[in-house]
Structures are given as C-alpha cells and as structure tokens.
Amino acid sequence: MTQDYDAIIIGAGVVGPCIATAFARQGRKVLILERDWSKPDRIVGELMQPAGVKALRELGMAKAVNHINAVPCTGYYVKYFDHHVTIDYPTKEVAQVTNPMKPINEITTPENEKIGLDLTLNMKEWDEDEKVRGVAFHHGDFLQNLRAICKNEPNVTAVEATVTKILRDENDTAIGVKAKQRENDEIVEYHGKLIISCDGIYSKFRKELSPDNVPTIGSYFIGLYLKNANLPAKGKGHVLLGEHAPVLIYQVSPTETRVLCAYRSTKPPSAANNEVYKYLKDSVLPNIPKETLPAFAEALEAKQFRIMPNQYLYAMKQGKQRGFILLGDSLNMRHPLTGGGMTVGLNDAVLLAKLLNPHNVDDFANHDLISEKLAIFHRKRKNLDAVINTLSIALYSLFAADKNSLEILQKGCFKYFERGGECVNGPIGLLSGMLPFPMLLFNHFFSVAFYSIYVNFIARGFAGFPIAIYEAFDVLFTAVVIFTPYLWKELVR
C-alpha cells in the first residue's frame, strides 16, 4: 500500500503541526505521522517567549493559545539570596524595529494571526500594553490546539503510526517512509517528495545527517506542580539564585504553577532512598519565597516529581541528504532554563515556510534548489538561534555556580541587573528573542564578566587585593570557556 505526498512530516510535537499547516496553506499535499495523537504530559514547553508568540502569529496559528487557561507573562523576577530585581520585556516600539512581525503570504490572514479573547487572556490589556508579552500554559493543551488547527486543513492527512524507516532510492534520495499503523500494526509505505523529521528530543532520525549528531546531557530538572500558589510578582517568570542550583517558577494557569529545580549532575537523581525528596527539602525549600512556601511544601509532601534531562545539540548543516530535513528539537536543542525551545523551533518553521514557498520552490522534487534554500536557512537562523542557545548555556553555568569563579560571575550578573537601563533592557531583549543579535549578547556577557571583577575587587577591599587579582584572571578564563565555544559552534558550524 503506497500513497504519494508533496511533504511527509514525522512527528506532531510543536513544530510538526506548524510546518505541516504552513505547507498545506501554500497548496502542498501534506501527510503528518504521529505515533500517539492523545494529549501528552510534559514538564517543559510551557513558557513561550515573546519571539515565539510572534512566530506563532506569523504562522497564522496564534489561536492555539486560546481556551486552555493560558496566562500572560510580562517579564522576570530574579531573586538572589535576600535581594531581588524585576525585569520587564522590551517595548513594542523597540521590538518592531529589532524583530518586526512579518506574516507569511498565503498562510497568515488578519484573522488567524490574532490571539482571541478568552477567560484568561484579556486581549484589551494585551493590545494596550506598551511592552511585548509571552504566554504560559499546559503544554499538552497547547499542543492539542496546534494539532487541531493542522488537522483542519484540507490539504493535510493525519495518521497515527510509528515511522520505522526512511525510504531511499538508488541515488540515496529520501523518497518516503515506512510506518507501523497503531490501529492494526499494518506496515505501510508512504511516498513523498520531501521528508521532514520533527520527532523531538529523542529523535531516531537525527543520525541520518551524521552518526555523530547526538546531544549531550549537562544537567537535569526536577519538576513539580503547585496548587493555588502565591508568587512575589504576578505575571512574571521567577528565577531563584543562591548557593543552590537555579530554580525556575512560572504560573501555567490561574490555579497551577510549575516549578523546575535544576540538579547539578550529568546523571539523574536516584529514586531510591527518597533522594529527590531530600534534595528538594534540604536545598530548594529553604530558598522558596515566603509567599510561595505553603504551596511548595504541600507539593513536596505529595511527592509527584518529574525528572527530565537538559540536553544540548548544535544544528548541523543540511542539504546533502537529498529529500530529507530535520526541524525542531531533532535538529537543535539548548538548556530549557531560558524557555527558548519553542521560540527557536517556531521561528525555524517560519523561516523554512518562507524559503520553500511555491514562489521560490514550485516542486519539492527539485532537490538541488531545496539544497540551496537550506544553505540560506542554516545561515539566516543563526542570529536568533545563536543568541537563544548560547544564552541558555551561559546563564545556566552562571546561575548553577558550582565553583568560586562562577559564584563571582553570578553575583556580578545580579548586580549588573540592579543597575537598570541598558543593563537589563539588553539582556531581557536577548532572552525574549526580540533582540536577535549575537554580538550584543557577546558585549553584555563580557560586560557582566568585567563588572563582576569590579564588584569582587570592591568586596575584597585593599587587604584582599592580591586575591582579587588572581580571581580576576580566573573569572575571565571561566567566562571565555563557558561562552565562546558555544557561540562559535552556533555561528560558524
């Protein structure tokens, strides 16, 4: 049994339905295959930065955030020991200059690019706010909305099946897939001119590009839900810093709040001997804001913890594998501390849809032309990709602060934020995805490094001057080591 399509999309996570919908609205015949169309339960992909919201609007899928009790996010609250600073997202005026919304022809309409009105999203407030906004939600509900929009397209065929193999012709060009139907275990071959794998963090097809194309695990997150929690700053993502590994807290509905607690190890915490419970009770609980403490203590005793690896994978160049493309987390991953995963994936979908629109590529069987467009795709995605990915690794390293030089950088980073002005406008613009400029990230990161050295000299005083000199070199060396290799990979490879 064979069927032919213009494009076959493997995986219906966040990116798969988006690129499938874009292609379908451009007149392509699209098949999307997903092993399980039921609502997933994940502890990440719940906070979308403003640049992700912008990309969703450009795809004409903005209403995917409606009717799921989503709540707006207007910036961050950063707590460092007993001090805190509140940081707002950039203004719309700045965003319109640095990263303006550019709807895709034939895909976006004045109606589908707008977020609708519902019980939790007050669009009058949203429109009147002079600053851009992000949005938080339950991942599974958001994903089911994306899937519903996708399935509603006449040019989309949605099938529940597990793809087991990429089919290739004698010239090693991808020509289709072999899939096992979930309903009856029947093996079916589907033929398509272009195969796009969006099969997520555990992708089985990313090695199609190279056997070395595998992610690295740097740490873990322990996740739990709080019920009816009070937070110090309404509508903000909360980052808690100190001697402990960083803790991220954000509201995902009017009654539920997500907590992600970083765990400094390349191996997951053991389930034996209540290791996770002890870690949260001894290391995290004492640093939770007093307003949030009752809800956290209640969730802690419930012991309903989720553990996930934090992985990194830089994006390899594509085009040599004719007829085959990776997209989303199967192509590129970063630390989830900054909530940039969906932002990168959605912007990649926007860029690919623009480059492969029928005015540029009339037939997906023209693999030489698609290879040329993929070279452009790899180059153009770098600005946003390099900023989000490098920032996620750099901030986690500073915030986790597992040695003296990083503790100095962590303190200096917080003091840098306390200065206000461009010392917060630049970093939050980078984090939100609205300032996609790698050299701006470079400037701010090393400004933090030098300011950290200055702060440390002041703290050491005259008597500690010799120690501060040694620490200055250590801080600079550490800053170079944790920052430049990742930026280099993102920009050059």
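This is a predicted model: local features need pLDDT of at least 70, side-chain atom pairs count only at pLDDT 80 or more; totals for chains, interfaces and linings use all residues.

Reader: Ok, where is Ala136 placed?

Author: Ala136 belongs to strand β7, which covers residues 134–136.

Reader: And which residues is Ala136 in contact with, if I skip its neighbours within four places in sequence?

Author: Glu46, Leu47, Ala70, Val71, Tyr250, Gln251 and Val252. As for Thr257, it is 121 residues apart from Ala136 along the chain, and the two C-alpha atoms are separated by 9.8 Å.

Reader: Switching to serines. Is Ser392 buried or exposed?

Author: Ser392 is buried, because its relative accessible area is 0% and the cut-off for buried is under 20%. Its place is in helix α10, residues 382–400. Apart from neighbours within four places in sequence, Ser392 contacts Arg334, His335 and Thr338.

Reader: What about Ser283, what relative accessible area does that one have?

Author: Ser283 has 26%, so it counts as partly exposed. It lies in helix α6. Not counting residues up to four places away in sequence, Ser283 touches His244 and Lys278.

Reader: How are Ser283 and Lys380 separated, going by C-alpha atoms?

Author: By 42 Å, with the two residues 97 apart along the chain.

Reader: Next, helix α7. Which residues are buried there?

Author: In α7, residues 293–302, the buried ones are Ala295, Phe296, Ala299 and Leu300. They sit on the same side of α7, because they cover an arc of only 135° around the axis.

Reader: Why would residues a few places apart point the same way?

Author: An α-helix has 3.6 residues a turn, so residues three or four places apart end up pointing the same way.

Reader: And what does the buried side of α7 pack against?

Author: The buried residues of α7 pack against β11 (216–227), β14 (256–263) and α6 (275–284).

Reader: Which exposed residues are on the face turned away from that?

Author: Pro294 and Glu298. Just after α7 comes Lys303, which takes a positive phi of about 55°.

Reader: Then Glu106, what is its phi?

Author: Glu106 has a positive phi of about 70°, although it is not a glycine. Glu106 is in the loop between α3 (92–98) and α4 (123–128). With a relative accessible area of 46%, Glu106 is partly exposed.

Reader: Zooming out: how many helices and strands does the protein chain have?

Author: There are 14 helices and 16 strands.

Reader: What radius of gyration would a compact globule have with 493 residues?

Author: Near 23 Å, and the protein chain has 23 Å, so the two agree. Along its principal axes, the C-alpha trace spans about 80 × 50 × 45 Å. Of the 493 residues, 58% count as buried.

Reader: What share of the contacts with a separation of 6 or more comes from residues 24 or more positions apart?

Author: 75% of them.

Key: Residues are numbered from 1 along each chain as its sequence is written. Side-chain values use heavy atoms; hydrogens and water are left out. Helices (H or I, at least four residues) and strands (E, at least two) are DSSP runs, numbered from the N terminus. Buried means under 20% relative accessible area, exposed over 50%, partly exposed in between (1.4 Å probe, protein chains only). Contact means heavy atoms within 4.5 Å. The arc is that of the directions from the helix axis to the C-beta atoms. The radius of gyration is taken over C-alpha atoms; the globule rule is 2.2 Å times the number of residues to the power 0.38.
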